[in-house]
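Work through the exercises below with the sequence and the structure side by side. Each task is followed by a solution in steps.

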Amino acid sequence: MLKPAQLYADKLRKAELETWYKPENIYWNGCYGDCYINLPKNNYDAHCFVSVDKNDEVIGYISYAVNWAAMSADRFGAISFRKGSVEYARDLFQAVCDIFGKYHMNRMQWCCFANNPAIRGYRNFIKKYGGRECGYYRQVAKLQDGKLHDSVQFEILASEFKGGGGEYEH
């Protein structure tokens, strides 16, 4: 279930800290180290959510900056603290549907490092629900593995989004 991240700040911080030294999470922050998620004190500049399970434990985090002038959800980011969780995948999909259906954004965009295993899921997502790869940037960030990594940019326009079976309307 999606909840405002600010309500779960302590649980989110604990879950986040547990990812800091796991090699599979080097793609999350996009830099040579990790830092705390900075939760905004409003929902004007950004929307930040946690995915919680039936025991009210944080299983993931989803956020994006909001550009109200362009009606754009920018720098969409997501991290699962429980890999393979179907519940988190549902919440992630709901967050995307909400961007277009609930908050009436015109577009969303995000980047993914080219060798991040999650890129396969992003490519499958846009193939099924609309959107496109709109940029490939070479050697944009040095990550914790000490290597320079390429980045792929994705975007979805509201007019392209084939969302959630009736729960989303253009």
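**Exercise 1.** In this predicted model, find out how many residues of β2 are buried, and why the strand counts as largely enclosed.

Solution. Step 1: a residue is called buried when its relative accessible area is under 20%. Step 3: sort the residues by face. A46, C48, V50 and V52 lie on one side, H47, F49 and S51 on the other, and all of them are buried.

**Exercise 2.** Which strands pair with β2, and in what sense?

Solution. Step 1: strands of a sheet pair through backbone hydrogen bonds, either parallel or antiparallel. Step 2: β2 (residues 46–52) pairs with β3 (residues 58–67) in the antiparallel sense, over 7 bridges. Within this pairing, F49 has I62 as its bridge partner. Step 3: look at the connection; β2 and β3 form a hairpin with 5 residues between them, and D56 in the turn has a positive phi of about 65 degrees. Step 4: β1 and β2 are also antiparallel, over 3 bridges, and L2 stands opposite S51.

**Exercise 3.** Write down the strand order of the open sheet and identify its edge strands.

Solution. Step 1: the 7 strands follow the order β1-β2-β3-β4-β5-β7-β6, with mixed pairing. Step 2: β1 (2–4) and β6 (132–142) each pair on one side only, which makes them the edge strands. Step 3: on average, neighbouring strands of this sheet are turned by 30 degrees against each other, direction ignored.

How values were computed. Residues numbered from 1 in each chain as written. Predicted model: local features only at pLDDT ≥ 70, side-chain atom pairs only at ≥ 80, totals over all residues. Heavy atoms only, no water. Pairing = 2+ DSSP bridges. Helix = DSSP H or I, 4+ residues; strand = E, 2+ residues; numbered from the N terminus. Axes fitted to C-alpha atoms, helices over the stretch in contact; angles between N-to-C directions. Buried < 20%, exposed > 50% of the residue type's maximum accessible area, 1.4 Å probe, protein only.
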